[in-house]
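Thanks, everyone, I'll keep this short.

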Amino acid sequence: MDPPDRTESLRLTVYYLEQGNLVQVKESLQKSYQYLQDLLPSELSKPTLQEIEIVNKAEKISIENVAWSLRTGAILLPQTSPKNNFFVRFANVVGAAALITVCVDIAEKVFEQLKVYIENVVDEESVISSLGVTLNNLGCVYITRGSFQNAKVSLQRALAIFEVVKTGKECVTVEEKISTIANNLRLVHQAQRSYVADMQLQNDLLSNVSRFAMQPRITAVADYNEALTSLDNRNLRKA
């Protein structure tokens, strides 16, 4: 595929998301997914400025929107440093866009494909962090599906990865990711009515939030999802 056409379907996805045209969004997402199946990661080793701009815009819109009719958790994005693989960012944002538009089958397939790819890449910190991001987002897919045990396994693995890569220089960024994943994991505990585990995780989160400023979107998504879970558990006062 010629460079100008490689991200055309993703560009259309962003455009239709901005227009609120979900029918066209799903059609363009299907094309992005089909393209992803035949894409070699090396083909995006030297992205054009246009491709970078499209992915940047897609990432922005994917974290500013959530599927409010469902519990999805909070989506994470890979690092945007030059060292990070652009293919990882491209695939992740296709999965994220699919998740927020409730194209759950596509989202799951994309994140599973991305997980397998990352696990076979050289063991570098940026790659390990991307694996943590992918596992978190895959956990969000499982939450949407109601597959809470699968979500728990995926999110716990993501949490363990960021606990390992936590360093002084990136401490705030990593702690923010840890808090995001932990909030998603709380949804699982609440859905499974594991109240002791949920309370322990909440206490851990409170200690982190007191030291690091969380993005408002993360807090909002966590509160909204907790309200939905409380409704499911018939705890109307908490909801």
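Okay, so a search of the whole structure turns up 7 salt bridges, where a salt bridge is a side-chain nitrogen of Lys or Arg within 4 Å of a carboxyl oxygen of Asp or Glu.

Before the details, some housekeeping. This is a predicted model, so local features need pLDDT of at least 70 and side-chain atom pairs count only at pLDDT 80 or more, while totals for chains, interfaces and linings use all residues. Residues are numbered from 1 along each chain as its sequence is written, and side-chain values use heavy atoms, with hydrogens and water left out.

On confidence: pLDDT is the predictor's own confidence in each residue, from 0 to 100. The protein averages 80, and 81% of the residues score at least 70. When I say helix, I mean a DSSP run of H or I with at least four residues, numbered from the N terminus. Where pLDDT is low, the predicted coordinates should not be read in detail.

Back to the charged pairs. Lysine 57 and glutamate 18 meet through their side chains in a salt bridge, 3.5 Å from N to O. Lysine 57 sits in helix H4 (residues 49-64) and glutamate 18 in helix H2 (residues 8-19), so this pair ties together parts that are 39 residues apart in sequence. How accessible is lysine 57? It's partly exposed, at 44% relative accessible area, and glutamate 18 is also given as partly exposed, at 44%. The cut-offs there: buried is under 20%, exposed is over 50%, and partly exposed is in between, using a 1.4 Å probe and protein chains only.

Next, glutamate 108 and arginine 145, with their closest N and O atoms 2.6 Å apart in a salt bridge. Glutamate 108 is in helix H6 and arginine 145 in helix H7 (residues 125-145), so here the pair links parts 37 residues apart in sequence. Arginine 145 is partly exposed at 38%, and Asp105, Glu108 and Arg145 are linked in a network of salt bridges.

Lysine 115 counts as buried at 15%, whereas glutamate 112 is partly exposed at 25%.

Over in helix H4, glutamate 51 is buried, with a relative accessible area of 1%. A polar atom of the glutamate 51 side chain lies 2.9 Å from the backbone nitrogen of threonine 48.

Now helix H8, residues 148-165. Its 18 residues should span 26 Å at 1.5 Å a residue, and the end C-alpha atoms are 26 Å apart, which agrees; the expected span is 1.5 Å times one less than the number of residues. Its buried residues include Phe148, Leu155, Phe162 and Val165. Looking down the H8 axis, the buried residues fall within an arc of 160°, so they line one face; that arc is taken over the directions from the helix axis to the C-beta atoms.

Last, the backbone. Most residues other than glycine have a negative phi. Valine 102, though, has a positive phi of about 60°, in the loop between helix H5 (86-100) and H6. Arginine 193 also has a positive phi of about 60°, in the loop between helix H9 (171-191) and helix H10 (195-209).

Methods: Helix = DSSP H or I, 4+ residues; strand = E, 2+ residues; numbered from the N terminus. Polar contact = N/O pair within 3.5 Å; in protein donor to acceptor, adjacent residues only side chain to side chain.
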